[in-house]
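Please examine the sequence and the structure shown below before reading the briefing.

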Amino acid sequence: MRRWGLFVVTCASCEKPLMTTPLIGAVEIRLFEDHLRSCSQHDPLPESPTLREVMRRVRVRIADPA
Ligand SMILES: [Zn+2]
């Protein structure tokens with residue numbers, strides 16, 4: 001079985017680690033949004049942010065294989 005990497009997501013503003021997850025879907029995006037609303041005051045999210053607007057406020061990298 002192929003081993004896919006994990007996404008490591010951190011906040012682009014405060015650099016707090018938000019999540020390590022094998023996939024990023026609606027539930028995960030929602031959690032990023034919750035953090036961003038309490039965090040990035042200098043770059044607040046719009047009322048109904050697009051996926052692009054959420055994702056440009058977080059950093060996503062692939063976890064190094066163990
Ligand atoms: Zn943050």
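The points that follow describe the overall layout, the sheet, the helix packing and the core.

This is a predicted model, in which local features need pLDDT of at least 70, side-chain atom pairs count only at pLDDT 80 or more, and totals for chains, interfaces and linings use all residues. Residues are numbered from 1 along each chain as its sequence is written. The chain has 2 helices and 3 strands; helices (H or I, at least four residues) and strands (E, at least two) are DSSP runs, numbered from the N terminus.

**Overall layout**
- Along the sequence, the elements follow the pattern β-β-α-α-β.
- The C-alpha atoms fill a box of roughly 40 × 20 × 15 Å, taken along the principal axes.
- Among contacts between residues at least 6 apart in sequence, 44% join residues at least 24 apart; two residues are in contact if their C-beta atoms, placed from the backbone, lie within 7 Å.

**The sheet**
- The 3 strands form an open sheet in the order β2-β1-β3, with antiparallel pairing; two strands pair if DSSP finds at least two bridges between them.
- Strands β2 (17-21) and β3 (58-62) stand at the edges, each with a single partner strand, so one side of each is left without a neighbour in the sheet.
- The twist averages 20° from one strand to the next; axes are lines fitted to C-alpha atoms, for helices over the stretch in contact, and angles run from 0 to 180 degrees between N-to-C directions.
- Strand β1 (residues 7-11) is joined to β2 by 4 bridges, and threonine 10 has proline 17 in β2 as its bridge partner.
- A hairpin is formed by β1 and β2 with 5 residues between them, and glutamate 15 in the turn has a positive phi of about 65°.

**Helix packing**
- Helix α1 (residues 26-39) packs on the sheet and touches β1, β2 and β3; its direction makes about 170° with that of β2.
- Leaving aside neighbours within four places in sequence, phenylalanine 32 is in contact with Val9, Leu18, Val54 and Val58.

- Valine 58 is found in strand β3.
- Valine 58 is buried, with 21 other C-beta atoms within 10 Å; a residue is buried if 20 or more such atoms lie within 10 Å of its own, exposed if 12 or fewer, and partly exposed in between, with C-beta atoms placed from the backbone.
- Valine 58 and glutamate 15 are 43 residues apart in sequence and 8.5 Å apart in space, C-alpha to C-alpha.
- The largest nonpolar core consists of 5 residues: Val9, Leu18, Phe32, Leu36 and Val58. Such a core is a set of buried Ala, Val, Leu, Ile, Met, Phe, Trp, Tyr and Cys residues joined through C-beta atoms within 7 Å.
- Buried residues make up 9% of the 66 residues in the chain.
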